Amino acid sequence: LVTIADNILLHNPGIDADKFKMCVDCVVRWCSYCGKPMTEGYYLTDLYACSEECRFRHYKEDYGAKDKDEAAKMYLLDCYEIAGDKYPDLCTGNTKCINSIMEETGKHPQDLTLKELEDVIENNLFEVGDYAYYTNWN
């Protein structure tokens, strides 16, 4: 009898078997895009991404991001719940952050470049919401 875990180990020889079996014993998450087991990574509204590449696939395939910068911007908009009409399927609702950004920059967060958005988030004490974030599940 070959278990799913044994089959995964057979087809992925680079995975440390002991660490993998320990992960399977706890509540392991599986990447929604490449299928690898995860103990840390991105939570993306009921989906998981194990790497920046898989996170990019999420925003490209599910939300139409044209390139990695746009996908990174979408991730930040999702994290801080500050998306708007330009990205209607992303999480929005943090009007305090949206208003704060608009007062500081004169633009809606969705209209900022990735660099501008990163800078304004870094300069303020915005809290990450519940819809998208990076975490460690150990």
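Predicted model: local features only at pLDDT ≥ 70, side-chain atom pairs only at ≥ 80, totals over all residues.

Visitor: Fine. How many helices and strands are there in the protein chain?

Guide: The protein chain has six helices and five strands.

Visitor: And in what order do the elements run from the N terminus on?

Guide: The order is α-α-β-β-β-β-α-α-α-α-β.

Visitor: What share of the residues is buried?

Guide: The chain has 138 residues, and 40% of them are buried.

Visitor: Now the inside. How many residues are in the largest nonpolar core?

Guide: That core holds 32 residues. Tyr-59, Ile-82 and Leu-117 have the most contacts inside it.

Visitor: Which elements give two or more residues to this core?

Guide: Strand 3 (40-44) does, along with helix 3 (52-63), helix 4 (68-79), helix 5 (95-105) and helix 6.

Visitor: Which one gives the largest share?

Guide: Helix 4 does, with seven residues.

Visitor: Let's switch to charges. How many salt bridges does the count come to?

Guide: The count comes to four. Opposite charges on side chains can pair when the charged atoms come close.

Visitor: Show me one. What does Lys-68 pair with?

Guide: Lys-68 pairs with Glu-53. Their closest N and O atoms are 2.8 Å apart.

Visitor: Where do the two sit in the chain?

Guide: Lys-68 is in helix 4 and Glu-53 is in helix 3. They are 15 residues apart, and the pair links distant parts of the chain.

Visitor: How accessible is Lys-68? And Glu-53?

Guide: Lys-68 has 49% relative accessibility, so it counts as partly exposed. Glu-53 is partly exposed too, at 40%.

Visitor: Which side chain does Lys-107 meet in a salt bridge?

Guide: Lys-107 meets Glu-116, at 3.4 Å from N to O. Lys-107 has a relative accessible area of 32%, so it is partly exposed. Glu-116 is partly exposed as well, with 30%.

Visitor: What about Asp-119?

Guide: The side chain of Asp-119 forms a salt bridge with Lys-115, at 2.9 Å from N to O. Both residues lie in helix 6. They are four residues apart, about one turn of the helix.

Visitor: Is Lys-115 buried or exposed?

Guide: Lys-115 is exposed, because its relative accessible area is 53% and the cut-off is over 50%. Asp-119 has 31%, so it counts as partly exposed.

Visitor: Which residues form the negative surface patch?

Guide: Asp-67, Asp-69, Glu-118 and Glu-122 form it.

Visitor: Where is Glu-122 found?

Guide: Glu-122 is in helix 6, which covers residues 114-122. Glu-122 has a relative accessible area of 66%, so it is exposed.

Visitor: OK. Where is Asp-46 found?

Guide: Asp-46 is in the loop between strand 3 and strand 4 (48-49). Asp-46 is exposed, with a relative accessible area of 61%.

Visitor: And what is phi of Glu-81?

Guide: Phi of Glu-81 is near 55 degrees, which is also positive. Glu-81 lies in the loop between helix 4 and helix 5.

Visitor: Is Glu-81 buried or exposed?

Guide: Glu-81 is buried. Its relative accessible area is 16%, and buried means under 20%.

Visitor: Last one. How far apart are Glu-40 and Arg-29?

Guide: They are 11 residues apart in sequence and 8.4 Å apart in space, C-alpha to C-alpha. Glu-40 lies in strand 3. Glu-40 is partly exposed, with a relative accessible area of 38%.

Methods
Residues numbered from 1 in each chain as written. Heavy atoms only, no water. Patch = residues over 30% accessible without salt bridge, like charges linked within 9 Å, V, L, I, M, F, W, Y side chains within 5 Å. Areas by Shrake-Rupley, 256 points an atom, 1.4 Å probe, with all protein chains shown as cover. Lys, Arg positive; Asp, Glu negative; His and termini not counted. Charge placed at Lys NZ, Arg CZ, Asp CG, Glu CD. Buried < 20%, exposed > 50% of the residue type's maximum accessible area, 1.4 Å probe, protein only. Core = buried A, V, L, I, M, F, W, Y, C linked by side-chain atoms within 4.5 Å.
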